[in-house]
Amino acid sequence: MTDSTARTVAPATGKLGVLCVGLGAVASTFIAGVELARRGMARPTGALSQLATIRLGKRTDGRSPLIKDFVPITPLDDLVFGAWDPVPDDGYRSCLHCGVFDKHEHVEPIREFLEGITPMPAVFDQQYVKRLEGKNVKTGTSKRDLAEQLRTDIREFKKTHGVERCVMVWCASTEVFIVPGPVHQSIEAFEAGMEANDPAIAPSQLYAWAAIKEGVPFANGAPNLTCDFPAMVDLAKREGVAIGGKDFKTGQTMLKTVLAPMFKARMLGVAGWYSTNILGNRDGEVLDDPESFKTKEESKLGVLEHILQPQLYPELYGHMYHKVRINYYPPRGDNKEGWDNIDIFGWCGYPMQIKVDFLCRDSILAAPLVLDLALFFDLAQRAGMSGVQEWLSFYFKSPQTAPGLYPEHDLFIQQTKLKNTLRWMMGEEMITHLGQEYYQES
Ligand SMILES: NC(=O)c1ccc[n+]([C@@H]2O[C@H](COP(=O)([O-])OP(=O)(O)OC[C@H]3O[C@@H](n4cnc5c(N)ncnc54)[C@H](O)[C@@H]3O)[C@@H](O)[C@H]2O)c1
């Protein structure tokens with residue numbers, strides 16, 4: 001049954017520019033993967049926007065279209081890619097450097113296409129990413145000036161590529177930990193801070209500001225303080241732009257947000273959760289710096305507190321010891337290994353252990369998230385949904401929410417929220433899973 005409250009969603013006409021901040025492992029794997037999918041050389045596995053169906057109406061109705069047939073998202077053929085990076089490698093060189101895709105099977109056949117993705121000079125400052133040096137960098141008279149240059153880049157990109165709309169996704173390195181300060185509290189204070197080169201304004205914030213000012217939705221795939229403070233949220237609302245973040249939820253944290261709800265659902269206690277990772281890509285090198293690691297650690301640690309609610313269940317979760325480590329270990333490259341040791345307890349307090357060893361591929365897990373985020377943020381924008389897009393928290397380790405609202409971390413609650421939002425957008429009934437109607441006598 002449809003209802004008349006469907007939102008008006010502008011059609012996905014013309015081309016959509018996907019602007020990646022950073023052209024490293026995640027961004028190059030995303031861009032190359034989309035091109036491989038367009039040529040029928042690989043499947044976009046992991047992308048809900050391409051593969052998932054959505055149930056509409058009752059279980060007995062038999063209506064389960066693909067999401068991409070149900071909501072008007074931009075077809076893959078209409079995506080055009082751009083990027084900024086302080087490292088001047090084009091898409092081809094970046095793919096080879098990162099070593100995620102097989103050179104012969106997946107990189108060489110699309111070499112020409114990848115060589116066409118050349119990074120624009122970045123707004124970059126080593127103060128905020130200590131373990132990185134870059135030559136392909138903008139210079140300017142102030143942070144404001146640099147942000148204005150990004151706005152010009154966006155306009156030029158649109159013109160050169162004949163693009164109707166853009167969306168920006170932060171796929172760049174994790175910046176150092178920044179606590180929100182006075183400069184982040186209002187649009188006026190932030191803009192004055194840009195003029196005055198306030199050190200609390202990191203490059204990522206300049207990209208977010210430039211995107212919003214250009215009417216371009218912005219998604220933050222890293223844990224840095226970028227668009228999750230009052231000035232940026234107010235600006236997004238004022239300009240009518242969709243924003244959200246933060247930190248792609250891919251490997252270990254995705255598992256945590258599946259396992260922890262299970263323990264809580266069955267009222268099993270958790271005494272400790274020790275998580276450690278080894279990875280050897282550039283992201284691992286950047287995170288080897290304690291200040292960037294601190295940003296990541298905060299993002300990873302919050303999840304269990306919120307899911308397990310120790311304040312409601314002090315006996316089960318009040319004394320839990322939670323530790324997260326990330327170790328840079330070059331031989332593994334992008335193929336991260338994440339171990340979890342979980343000490344749980346059950347009936348009458350008897351202890352048990354669970355060990356998880358996830359031999360994953362970081363960028364293979366993250367790339368489909370970039371695609372979904374780009375397509376869904378563009379959809380939200382066309383549906384007139386501005387400000388924080390909490391319905392896309394499914395993709396983030398630290399979902400951005402309205403002030404005072406705790407985030408939902410449970411992966412399946414997030415999935416329900418995402419699908420119900422799509423139903424709501426298109427005027428279809430929400431699915432509550434109540435199901436009494438199947439058992440009523442007629
Ligand atoms: N892969 C995953 O599973 C995953 C999950 C969650 C979050 N992330 C985050 O995604 C981001 C990208 O990861 P990656 O593996 O591609 O890292 P990467 O190091 O391979 O790529 C990051 C790129 O960003 C560039 N960069 C740094 N500062 C920049 C700036 N100011 N402007 C433009 N470019 C800039 C770097 O030069 C580099 O090429 C990291 O912050 C990472 O923590 C990744």
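Author: The buried residues of helix α16 are L411, Q414, L418, K419, T421, L422, R423 and M425. This is a reading of a predicted model. The cover over those buried residues includes α3 (67-70) and α11 (252-265). The helix itself runs over residues 411-425, 15 residues in number. From its first C-alpha to its last α16 reaches 21 Å, close to the 21 Å expected at 1.5 Å a residue. After α16 comes G427, with a positive phi near 75°.

Further along, in the segment after α16, lies H433. H433 has a positive phi of about 70° although it is not a glycine. Most residues other than glycine have a negative phi, and most peptide bonds are trans. H433 has 7 C-beta neighbours inside 10 Å, and therefore counts as exposed; the cut-off for that class is 12 or fewer.

Because 14 other C-beta atoms lie within 10 Å of it, Q309 is partly exposed. A further backbone feature is the cis peptide bond that joins G245 and K246, with omega about -10°. K246 is placed in the loop between β5 (242-245) and α11, and α11 is among the elements that cover the buried residues of α16.

The chain is divided into domain 1, made of 15-248 + 364-425, and domain 2, made of 252-359. Taken over C-alpha atoms, the centres of domain 1 and domain 2 are separated by 26 Å. Contact between the two involves 24 residues of domain 1 and 27 residues of domain 2. On the side of domain 1 that touches domain 2, the residues divide into 11 nonpolar, 7 polar and 6 charged.

The ligand belongs to this picture. Residues of both domain 1 (15-248 + 364-425) and domain 2 (252-359) contribute to the shell around the ligand, so it lies between them. The ligand is surrounded by 36 residues, of which the closest are G22, G24, V26, A222 and R282. Two or more residues of the shell are given by each of α1 (25-38), α12 (282-287) and α15 (362-382). By class, the shell holds 21 nonpolar, 10 polar and 5 charged residues.

The largest share of that shell, 4 residues, comes from α15. This helix has 21 residues and reaches 31 Å from its first C-alpha to its last, close to the 30 Å expected at 1.5 Å a residue. α15 is mostly covered, with 19 of its 21 residues buried. G384 follows α15, and its phi is positive, near 75°.

There remains the sheet. It is an open sheet of 6 strands with parallel pairing, in the order β2-β1-β3-β4-β5-β10. The edges are held by β2 (79-84) and β10 (387-388), each of which has a single partner strand, so one side of each is left without a neighbour in the sheet. Strands of a sheet pair through backbone hydrogen bonds, either parallel or antiparallel.

β3 in turn pairs with strand β4 (residues 218-220) in the parallel sense over 3 bridges, and W170 stands opposite N220 in β4. Of the 8 residues of strand β3 (residues 163-170), 7 are buried, so β3 is largely enclosed by the rest of the structure.

Key. Residues numbered from 1 in each chain as written. Predicted model: local features only at pLDDT ≥ 70, side-chain atom pairs only at ≥ 80, totals over all residues. Near = placed C-beta within 6 Å. Nonpolar A, V, L, I, M, F, W, Y, C, P; charged D, E, K, R; others polar. Domains from an automatic or database assignment. Contact = placed C-beta atoms within 7 Å. Expected span 1.5 Å × (residues − 1). Buried ≥ 20, exposed ≤ 12 C-beta atoms within 10 Å, placed from the backbone. Pairing = 2+ DSSP bridges.
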